[in-house]
Amino acid sequence: MIRVEGLSKHYGELVVLKEINTVIHKGEIISIIGPSGTGKSTFLRCLNLLETPTGGDIFIDDVPLFDKNTSVPKVRQKMGMVFQSFNLYAHLSVLENLTIGPIKLLGKKKEEANKRAVELLNLVGLAEKVNSFPDELSGGQKQRVAIARCMAMEPEILLFDEPTSALDPTMVSEVLAVIRRLAREGITMVIVTHEMEFAANISSRVFYMDEGLIYEEGSPEQIFENPQREKTKTFIHRIRSLVRHISSKAYDLYAIQGEMEIFCEKHMLPKKVSDDIMLIVEEVLTLQSDFSDIDLSLSYHEKDGSIEFLCESTGNLTNLLDETSMEDNIGILILKSRCKHIDYRYVNGRNIINLTVKL
């Protein structure tokens with residue numbers, strides 16, 4: 001239903017979208033996730049030409065949007081868009097907000113438009129608000145009216161630009177419930193969202209956007225349970241990391257420990273965990289024989305609350321999984337007592353110690 005070829009968008013020197021290629025089929029529900037500032041909303045706005053792309057092509061039902069013979073307003077009538085900020089007409093009642101478009105743009109009679117508006121308000125659970133004004137509604141109710149207004153224009157495609165981001169958390173569920181109900185109607189939907197559980201449950205496919213492109217795409221199961229690319233993994237598991245490099249034996253242990261302590265405080269980790277990490281850092285560095293190239297990484301996984309410490313280095317290193325070496329090595333015993341899992345590997349000339357800290 002939507003085909004995108006080489007889509008790009010620049011604002012002067014700033015490149016927001018880079019050569020995006022994708023196809024969205026009729027009836028699909030596509031959730032677009034990713035960090036802020038990676039072009040998700042811009043991509044959505046380019047689909048219905050609220051933003052003019054710098055390059056590339058967009059086809060809606062095989063009709064090229066940029067062909068000089070294409071009636072863009074006619075093609076755009078196939079798409080409805082729900083914004084973050086509702087965009088209701090404050091001086092019109094809820095009923096009038098829903099009927100003004102069908103009457104003026106679709107040429108419907110007032111009675112027909114009113115009847116359909118009431119049906120849609122029933123669909124979104126707001127039939128009793130038919131004569132209310134936007135200022136009399138909560139944020140969640142306004143967004144549900146905005147969705148009903150979109151549906152009144154009989155679109156074949158619905159675009160949602162973070163429809164719950166402006167809402168109080170208590171109102172998010174009522175809007176998501178309406179979108180779930182629409183999903184059962186078979187309407188093609190493209191949803192930019194930060195609601196990960198919602199995206200996992202409703203989507204036929206998920207796009208993870210980063211670096212101005214669709215960095216990884218796949219089924220919800222793949223993206224949320226088995227992402228293939230590193231940035232996707234980091235985002236899905238909400239990994240917060242602190243990375244430090246050592247290139248000399250004259251490294252500042254106290255400075256490294258101090259930064260890791262601040263990292264723990266920032267993420268509200270218990271003092272005991274912070275103290276254990278300080279000790280783990282010291283003991284891992286004690287095991288090193290070559291300080292010319294050491295990478296340290298402390299990672300906190302928000303999704304499951306786990307904490308990992310990773311050390312990659314050159315040189316000869318005692319195999320931490322060798323039980324015979326543990327008997328006389330107090331450092332290794334300390335690590336074993338404070339970590340629930342230790343993995344040691346030697347890959348491409350690099351020692352890799354991966355420790356999961358006990359909580």
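In what order do the 4 strands of the open sheet stand? In this predicted model, the order is β2-β1-β4-β5, and the pairing is antiparallel. Strands β2 (14-24) and β5 (63-64) each have a single partner strand and stand at the edges, so one side of each is left without a neighbour in the sheet. At the β5 end, strand β4 (residues 55-60) is joined to β5 by 2 bridges, and Phe59 stands opposite Pro64 in β5. Helix α1 (residues 40-47) lies across β1 (2-11), β2 and β4, and runs at about 120° to β1.

The largest pocket has a volume of about 660 Å³ and a lining of 22 residues, with Met79, Gly80, Met81, Leu105 and Met153 nearest its centre. Two or more lining residues come from each of α2 (72-76), β6 (79-82), α3 (94-104) and α5 (139-152). Helix α3 gives the largest share, 6 residues.

A last stop is Leu333, found in helix α13 (residues 330-338). Leu333 counts as partly exposed because its relative accessibility is 39%. Leu333 and Leu285 are 48 residues apart in sequence, and their C-alpha atoms are 15 Å apart in space.

Conventions
Residues numbered from 1 in each chain as written. Predicted model: local features only at pLDDT ≥ 70, side-chain atom pairs only at ≥ 80, totals over all residues. Heavy atoms only, no water. Pairing = 2+ DSSP bridges. Contact = heavy atoms within 4.5 Å. Axes fitted to C-alpha atoms, helices over the stretch in contact; angles between N-to-C directions. Buried < 20%, exposed > 50% of the residue type's maximum accessible area, 1.4 Å probe, protein only. 1 Å grid on protein atoms, 1.4 Å probe; cavity = no way out; pocket = protein on both sides within 12 Å on 5 of 7 lines; lining within 4 Å. Points joined across faces, edges and corners; volume = space filled by probe spheres on them.
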